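Biologist: I'd like to learn how to read a model like this one. Can you walk me through it, feature by feature?

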Amino acid sequence: MTAQAIALILVSALLHAGWNLIGKRTAQTVRFYAFAMGFGMLIFSPLLVRAWDDVIDMPAAFWLLLILSGLCQTLYMTGLSYAYRAGDLSLVYPLARAIPVLLVPMLVLLIYGQSALDLQDVVGMLLIILGSLALPLNHWRNFQFRNYCTPAIGWVLMAASATAGYSLVDSMAIGMMTESGIDAFSAGSSFVVLQAAATLLWMLPFVRLVMKESLRKIPDIGMTALAGSFIIGTYLLILISMSMVNEVSYVVALRQISIPLGVAIGVIWLREPVSTPRLQGLLLMLTGLVMVSL
């Protein structure tokens with residue numbers, strides 16, 4: 001992985017932890033995330049206009065991937081909003097970020113029948129997963145299956161599975177764009193705006209018809225717009241970095257550097273309790289992240 005790709009992912013991690021803090025503190029509803037995506041789309045829309053002549057010529061398969069990506073993003077935001085209702089930031093955030101590290105390589109292997117990961121990468125990813133198992137525990141003696149059968153964990157699994165889904169779909173879509181001759185920045189910047197639009201196509205009917213929430217009242221405009229700019233901005237950096245690597249699993253794994261940031265924010269800023277197993281689990285995750293990124 002190039003130094004440029006690593007730098008983009010690290011900045012993205014800071015932005016990602018930031019919008020999750022806003023989501024946890026400001027609003028824990030799907031409606032909040034729908035409006036945030038809308039604001040983010042509008043803020044970054046000039047990037048789509050810049051590359052529109054190239055994007056409009058993409059084949060039908062690309063647009064199908066885009067619609068599928070919007071569905072995955074909707075499931076991700078829904079799972080995340082409900083998980084934050086039921087659990088702490090220092091629990092939900094690391095789990096939602098770590099589980100896709102295992103899911104994405106498994107899906108890549110299943111779909112393509114091969115993987116660019118070596119033994120060190122696999123060991124590092126397993127350490128991240130083992131660390132995540134310690135996060136819900138207050139004491140090691142509480143290591144029992146029922147402690148993982150909670151509403152928060154269930155919603156986290158939904159969000160994590162959706163993350164794995166859109167990571168793979170978006171990687172394929174970006175690959176199609178770069179193969180057609182679109183440069184990395186134009187591909188990433190235009191796709192992230194299109195993805196926000198595709199997400200709203202799923203999200204707005206879901207909020208109104210399924211969640212029965214009104215779309216007339218906008219949540220706190222300042223915080224919603226800030227969260228939206230962070231949501232789109234962070235994924236813009238990730239999509240650009242995806243075009244610079246051979247294996248999307250590397251990107252998914254390294255961006256988990258935001259995990260310790262999320263835990264630190266939850267403990268220091270939100271004053272959430274932290275247990276010894278949670279700290280030890282975080283150390284395992286950090287070790288795994290280092291192994292994957294080297």
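Modeller: Let's start with A96, which counts as buried because its relative accessibility is 7%. Buried means under 20% relative accessible area, exposed over 50%, and partly exposed in between, with a 1.4 Å probe and protein chains only. A96 is found in helix α4, and A96 and S161 are 8.7 Å apart in space, C-alpha to C-alpha, though 65 residues apart in sequence.

Biologist: What should I know about the model itself?

Modeller: This is a predicted model, where local features need pLDDT of at least 70, side-chain atom pairs count only at pLDDT 80 or more, and totals for chains, interfaces and linings use all residues. Residues are numbered from 1 along each chain as its sequence is written, and side-chain values use heavy atoms, with hydrogens and water left out.

Biologist: How do I read a helix, and how many residues does α6 have?

Modeller: Helices are DSSP runs of H or I with at least four residues, strands are runs of E with at least two, and both are numbered from the N terminus. Helix α6 (residues 151–179) has 29 residues and spans 42 Å from its first C-alpha to its last, close to the 42 Å expected. That expected span is 1.5 Å times one less than the number of residues. Just after α6, G181 has a positive phi of about 105°.

Biologist: Is M177 buried or exposed?

Modeller: M177 is buried, because its relative accessible area is 0%. M177 belongs to helix α6, and its C-alpha is 9.7 Å from that of P59, 118 residues away in sequence.

Biologist: Which residues make the nonpolar surface patch?

Modeller: First, the general idea: patches are made of residues with over 30% relative accessible area and no salt bridge, joining like charges within 9 Å and nonpolar side chains (Val, Leu, Ile, Met, Phe, Trp, Tyr) within 5 Å. A salt bridge is a side-chain nitrogen of Lys or Arg within 4 Å of a carboxyl oxygen of Asp or Glu. Areas come from the Shrake-Rupley method with a 1.4 Å probe, and for residues only the protein chains shown count as cover. Here L107, L110, I111, Y112 and M172 make a nonpolar patch of about 490 Å². Helix α4 (residues 89–112) gives the largest share, 4 residues. L110, found in helix α4, is exposed because its relative accessible area is 69%.

Biologist: And which residues gather in the patch of negative charge?

Modeller: D53, D54, D57 and D183 do, on the surface. Asp and Glu count as negative and Lys and Arg as positive, leaving out His and the chain ends; the charge is placed at CG of Asp, CD of Glu, NZ of Lys or CZ of Arg. D54 is in helix α2 (residues 30–55) and is partly exposed, because its relative accessibility is 45%.

Biologist: Where does M244 lie?

Modeller: M244 lies in the loop between α8 (221–242) and α9 (248–254). C-alpha to C-alpha, M244 is 8.7 Å from Q4, although 240 residues separate them in sequence.
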